Amino acid sequence: MTTSFKTTFSPGTIIVGKWRRSRYYIHRMLGQGANGMVYLVQKVGTRQLYALKMGYETVDLQSEINVLHSLQGQKHYKTSRKQGHDQHASSFLVEVDDFTSDNKEIPFYVMRYVKGVPIHAFLEKKEREWLGFVGLSLLEKLQQLHDGGWVFGDLKPDNVLVSEYGHVELIDYGGVSSIGRSIKQFTERYDRGYWNAGSRTADEGYDLFSFALLCLNLLYDEGFKKVTNQQLPQARSTQDLLGLLGHPNVHPYAKWLRKAILHEFADTTEAITSWKRDVYPAAVKLKSKQTHVTPRWLKSAFAFSIIMLCCAIYFVVRF
Amino acid sequence: MKQILLITDGCSNVGVSPVLAAAHALKEGITVNVVGVIDYGTIGELGSIEIAEIAKAGGGISRVVGTPQLAQTMQMMTRKTVVQTIQHAVHKELTHILGDGSLEDLPPHQRAQVVEVVDELSETSPLQVALLIDASASMKPKLRSVEDAARDLMLSLQARQGTSQLAVFHYPGRHSGEEAVLDLDWTEDISRIHSLFGRIQMKGATPTGPAIFKVIDFYQYGTLNNNQAWNEEMMKREGILGDYVV
Ligand SMILES: Nc1ncnc2c1ncn2[C@@H]1O[C@H](COP(=O)(O)OP(=O)(O)OP(=O)(O)O)[C@@H](O)[C@H]1O
């Protein structure tokens, strides 16, 4: 019942769906993970590019597809997608099918090709102030999932793709669990169980905790690495994490991160409201203060011209 | 669902073959997974072959990892095995409908429904995991990590909706004839997983096969002492049991 294959498919290979007979031309491999391989493909006869994921295990891939299906059916998800530009309006999951290779049935699904880079690569190239913006988009993505009764679970930099202007897309829905069930898949350093900070039962707070650690990792990499590697499992605690919040890099985020780490947000909506109010303006303003602060010489020049103006007016009025 | 998760770092060297023991477990409805833990060097060719063979015979999975990966590996194996066990059970039920077809032969929308059932049952079915830990001399420096990994596994089990229990054994015991020692009886309580292996005296022998048989006994009778599946099996085969049980 399990499909296992190690074969990779070279550029130029054509994948033909067994049930729906669609044909996809493989351009190149995009990546490969624990559950499958993802290729950049073009639907034959069109100019449309997609990402095509082949699964190693039929059940695992299907359960990922089930999540995507149910998200697609979600009303809120649809409407909120329509607000974006064209690209967002098209749905994420495009087609589901199997194909045969060397007498093996390989299940696959086709999804929108996300042209972006993982969030850490994105922020390396941009200023750190972008995290205020990108973080907000990511929180809103998580909120859409939560509204549908799902928890993302395995939130890590590789699963967050960011396009050139900061549009965020989550990929890899293999770790998504229904709220109230157990977390299917996680990465230890972002997992609240690993930090002795709570259960592995899926709830909104689980994703918010991972999100906070992801931010810490992005803002203050050395510090985060240090506390992750140093501690013995039983000694690990949120105290180690909170200890990093005093670092200047973390400054405008510290209060928010603290609340997420300690599970003090009632839900994701509250977390977003707080991000918009406390983090976003500060994260961006901090930077603008530094670059757009009026130089002293300009200030005195301005004061000088005011005095000159006054003198001028005085003389005009007087004579 | 019943699982044995064997944690070892080398080859068995005493008693009945662990591969046979694992095959017996599977026959009794217990899946056997094996983790080989190594921190330095390799596990040796013999060791790695044996590990793979035990898991195959026991219907489970085997992995060789270092102690830093131990916790996550155990979680992943346990979860995978649960899904596989459910999948087999569901598949058996479905053969009435599918004939001898497999999941891949189902059109995608029907497959979606089957997998939904698999996911549901994987989350809600009761689960027991018996950790069986090789405590031969070379394992000593790793026992600390093993205990941490056991606690981490319990955390994952607790998150399931179905009841989930863990028991912990090590082998060999203090004297010959004590093939395995119960360190922790079935529990759902994570706080009970602490200082499990404080009193262990390390020995050189590694009677993996006999230890697996002991755990099978425990699954069946709730104790390590009275009955022995191994002997009983022999007696049944030779028709002796009937004479004793009158
Ligand atoms: N829609 C997409 N658009 C562009 N690239 C993608 C897309 N989906 C996946 N990729 C690329 O393929 C890689 C593997 O995909 P994915 O994470 O889904 O696989 P996985 O086997 O589930 O991985 P993991 O081991 O993280 O669970 C990603 O890291 C990413 O680089």
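Q: Does A:R181 count as buried or exposed?
A: Read relative accessible area first. Buried means under 20%, exposed over 50%, and partly exposed in between, with a 1.4 Å probe and protein chains only. A:R181 has 17% relative accessibility and counts as buried.

Q: What kind of model is this, and how are residues and chains labelled?
A: This is a predicted model, in which local features need pLDDT of at least 70 and side-chain atom pairs count only at pLDDT 80 or more, while totals for chains, interfaces and linings use all residues. Residues are numbered from 1 along each chain as its sequence is written, chains are lettered from A and ligands numbered from 1 in the order written, and side-chain values use heavy atoms, with hydrogens and water left out.

Q: Which residue forms a salt bridge with A:R181?
A: Start with the idea. Side chains of opposite charge can pair when their charged atoms come close. The rule asks for a side-chain nitrogen of Lys or Arg within 4 Å of a carboxyl oxygen of Asp or Glu. A:R181 pairs with B:E120, and the closest N and O atoms are 2.5 Å apart. This pair crosses between chains: A:R181 lies in the loop between β11 (177–178) and α6 (204–219) of chain A, and B:E120 in helix α4 of chain B. Helices (H or I, at least four residues) and strands (E, at least two) are DSSP runs, numbered from the N terminus. B:E120 is partly exposed, at 37% relative accessible area.

Q: How many salt bridges cross the interface of chain B and chain A?
A: The rule finds three. One of them joins B:R111 to A:D98, with the closest N and O atoms 2.5 Å apart.

Q: How many residues does each chain bring to the contact?
A: Contact means heavy atoms within 4.5 Å. Chain B brings 32 residues and chain A brings 29.

Q: How much area do chain B and chain A bury between them?
A: Buried area is the accessible area (1.4 Å probe) that two parts lose on being put together, summed over both. Here the figure is about 2,900 Å², with 51% of it on carbon and sulfur atoms. B:Q72, B:E104 and B:R111 supply 20% of the area that chain B buries against chain A, more than any other three residues.

Q: How many residue pairs are in polar contact across this interface?
A: A polar contact is a pair of N or O atoms within 3.5 Å; within protein, one must be able to donate a hydrogen and the other to accept it, and residues adjacent in sequence count only if both atoms are side-chain atoms. Nine residue pairs qualify, both residues being at pLDDT 80 or more. On the chain B side, α3 (67–98), α4 (108–124) and α5 (143–158) each supply at least two of the touching residues. That side has 12 nonpolar, six polar and 14 charged residues. In this count Ala, Val, Leu, Ile, Met, Phe, Trp, Tyr, Cys and Pro are nonpolar, Asp, Glu, Lys and Arg charged, and the others, Gly among them, polar.

Q: Where in chain B do B:D148 and B:R144 sit?
A: Both are in helix α5 of chain B; they are four residues apart, so about one helical turn separates them. B:D148 is buried at 10%, while B:R144 is partly exposed at 46%. Salt bridges that share partners join B:R144, B:E147, B:D148 and B:R151 into one network.

Q: Which residue pairs with A:R200?
A: A:D191 does, in a salt bridge with the closest N and O atoms 2.9 Å apart. A:R200 is buried at 1%. A:D191 is buried at 0%.

Q: What does the UniProt record place at A:K53?
A: An unreviewed UniProt entry places the feature "binding site" there. Such annotations may be inferred rather than shown by experiment; feature names are shortened and positions follow the numbering used here. A:K53 is in strand β4 (residues 49–55) of chain A. A:K53 is buried, at 6% relative accessible area. The side chains of A:K53 and A:E64 are joined by a polar contact of 3.1 Å.

Q: Which side chain makes a polar contact with that of A:E95?
A: The side chain of A:R20, at 2.8 Å. A:E95 is in strand β5 (residues 93–101) of chain A and is buried at 8%.

Q: How many helices and strands has chain B?
A: Eight helices and six strands. Buried residues make up 52% of its 246 residues.
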